[in-house]
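This report covers strand contacts, the sheet, the nonpolar cores and the salt bridges of one structure. The sequence and the model come first.

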Amino acid sequence: MSNNQKSITLTPSWKAFFWPYFFGVILIPALAGIYLIWKTRKTHKGISYTITDRKITVVDGHISQNIDLVDIRQAVAGDKRFGVGSVILKTSSREIELIGLKNPEAISQSIEKAVEAELKRLEAEKEAKPREPEYEPGSMDQLEYLTGLWQQGLMSDEDFKAEKEKLR
């Protein structure tokens, strides 16, 4: 990641896992609750979303997915429960849900703005003209050869300047 690239890392709220935690507490006397709470906590802590200027990285346990911002067609805020909701990222080939986010509407709008900015940046990059070379390809070798002749005194200054102008 370059130094001037901004990034933010989001993690889901525990409220997104309310029901597994709830049933885990209820089932503690049966000892199955302890396992359910441990498994839910492990799943909860294994999820993160890193958003940069160019891409979104979704880490879910041992699986990591990168989504380039330019590939995102739509970012939609999903249902909100317990004060948290999800953001659904739609690309041409898949949908990815970012779960358990506080204020999903604002996050989806921010992602939409970032997508627009990235598309504008890429368009400006395409429009930037490549620098025209000062000499034709292969002429640098000829110029080096002429410079060598001139430095050895085998060519006069006037001849050197005239040949140099022909190479342009």
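## Thr 91

Not counting residues up to four places away in sequence, Thr 91 touches Ile 67, Asp 71, Ile 72 and Arg 73, where contact means heavy atoms within 4.5 Å. Thr 91 is located in strand 6; helices (H or I, at least four residues) and strands (E, at least two) are DSSP runs, numbered from the N terminus. With a relative accessibility of 16%, Thr 91 counts as buried. The classes are buried, under 20% relative accessible area, exposed, over 50%, and partly exposed in between, with a 1.4 Å probe and protein chains only.

## Basis of the model

The model is predicted: local features need pLDDT of at least 70, side-chain atom pairs count only at pLDDT 80 or more, and totals for chains, interfaces and linings use all residues. Residues are numbered from 1 along each chain as its sequence is written, and side-chain values use heavy atoms, with hydrogens and water left out.

Three strands form an open sheet in the order 5-6-7, with antiparallel pairing. Strand 5 and strand 7 are at the edges with a single partner strand each, so one side of each has no neighbour in the sheet. From one strand to the next, the twist averages 20°.

Seven bridges join strand 5 and strand 6 in the antiparallel sense; two strands count as paired if DSSP finds at least two bridges between them. Ala 75 has Leu 89 in strand 6 as its bridge partner. Helix 3 lies across strand 5, strand 6 and strand 7, and runs at about 175° to strand 5. Axes are lines fitted to C-alpha atoms, for helices over the stretch in contact, and angles run from 0 to 180 degrees between N-to-C directions.

## Nonpolar cores

The largest nonpolar core has 20 residues, of which Ile 56, Ile 72, Val 87, Leu 89, Leu 98 and Ile 111 touch the most other members. Such a core is a set of buried Ala, Val, Leu, Ile, Met, Phe, Trp, Tyr and Cys residues joined through side-chain atoms within 4.5 Å. Two or more residues of this core come from each of strand 2 (47–52), strand 3 (55–60), strand 5 (72–81), strand 6 (84–91), strand 7 (95–102) and helix 3 (104–127). A second, separate core of five residues includes Leu 146, Met 155, Phe 160 and Leu 167.

Leaving aside neighbours within four places in sequence, the contacts of Leu 89 include Ile 56, Ile 67, Ile 72, Ala 75, Leu 98 and Ile 111. Among its other contacts are Gln 74, Arg 94 and Glu 95.

## Salt bridges

The structure holds six salt bridges, each a side-chain nitrogen of Lys or Arg within 4 Å of a carboxyl oxygen of Asp or Glu. One of them joins Arg 54 to Glu 118, with the closest N and O atoms 3.7 Å apart. Arg 54 is in the loop between strand 2 and strand 3 and Glu 118 is in helix 3, so this pair ties together parts 64 residues apart in sequence. Arg 54 is partly exposed at 40% relative accessibility, whereas Glu 118 is buried, with a relative accessible area of 6%.

Glu 118 also forms a salt bridge with Arg 121, at 2.8 Å between the closest N and O atoms. Both lie in helix 3, three residues apart, about one turn of the helix. Arg 121 is partly exposed at 25% relative accessibility. Glu 125 in turn bridges to Arg 121, the closest N and O atoms being 2.9 Å apart, and at 52% relative accessibility Glu 125 counts as exposed. Through shared partners, salt bridges join Arg 54, Glu 118, Arg 121 and Glu 125 into one network.
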